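The sequence and structure are shown first.

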Amino acid sequence: MISFKVENLAEMNSSLKEFIEYLESLDIDDDALFDSRLVCCELISNVIKHCHETAYFKGAVVGDEIVIGVSSDTSFSGSVKPGLPDVLSECGRGLYIVNAISGGNVRFEGNKIVVKLKFVEQR
């Protein structure tokens with residue numbers, strides 16, 4: 001498991017580097033790597049932008065799933081199944097994309113959101 005905290009968007013990419021390298025070392029397919037990075041960026045940036053707090057990240061591979069958890073110091077509000085936002089909407093698109101990429105495998109647990117992504121090994 002990889003865990004870290006991100007206090008601002010400027011440090012997000014460097015913080016995610018270790019997690020992506022961990023996934024690459026497990027020969028996870030490129031599509032799952034891309035999706036994982038997208039999910040991580042969306043969830044972390046949501047905490048920083050909308051909660052104005054530090055984002056706490058945990059990521060691991062369990063069986064054939066990449067499990068990504070992001071939390072903050074306060075509880076999230078949101079729907080597990082976010083609807084399609086208006087095309088001109090300034091909010092809601094990221095969580096909709098995360099839900100679509102994960103096949104609806106998103107759950108809120110108080111101050112944490114957990115997303116599970118299926119992957120294929122490249123061997």
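**The nonpolar core**

In this predicted model, the largest nonpolar core has 30 residues. The members that touch the most other members are F19, L43, I44, F57, I66, I68 and V70. At least two residues of this core come from each of strand 1 (2–6), helix 1 (12–25), helix 2 (30–51), strand 2 (55–62), strand 3 (65–71), helix 3 (93–101) and strand 5 (112–118). Helix 2 gives the most, with nine residues.

When neighbours within four places in sequence are left aside, L43 is in contact with I68, V70, L95, V98, I113 and V115. In soluble globular proteins, nonpolar side chains tend to be buried together.

**Packing of helix 2 and helix 3**

The axes of helix 2 and helix 3 lie 10 Å apart, and the two helices pack at an angle of about 150 degrees. Angles over 145 degrees count as roughly antiparallel, and helix 2 and helix 3 are therefore roughly antiparallel to each other. The crossing of helix 2 past helix 3 is left-handed.

Helix 2 contributes D35, L38, V39, E42 and L43 to the contact, while helix 3 contributes G94, L95, I97, V98 and I101. By class, this contact has seven nonpolar, one polar and two charged residues.

**A buried serine**

S36 is also placed in helix 2. Its relative accessibility is 0%, so S36 counts as buried, the limit being under 20%. Apart from neighbours within four places in sequence, S36 is in contact with L23, I66, I68 and L117.

Definitions and conventions. Residues numbered from 1 in each chain as written. Predicted model: local features only at pLDDT ≥ 70, side-chain atom pairs only at ≥ 80, totals over all residues. Heavy atoms only, no water. Core = buried A, V, L, I, M, F, W, Y, C linked by side-chain atoms within 4.5 Å. Buried < 20%, exposed > 50% of the residue type's maximum accessible area, 1.4 Å probe, protein only. Helix = DSSP H or I, 4+ residues; strand = E, 2+ residues; numbered from the N terminus. Contact = heavy atoms within 4.5 Å. Axes fitted to C-alpha atoms, helices over the stretch in contact; angles between N-to-C directions. Parallel < 35°, antiparallel > 145°, perpendicular 65-115°, else oblique. Left-handed = near helix turned anticlockwise from the far one by under 90°. Nonpolar A, V, L, I, M, F, W, Y, C, P; charged D, E, K, R; others polar.
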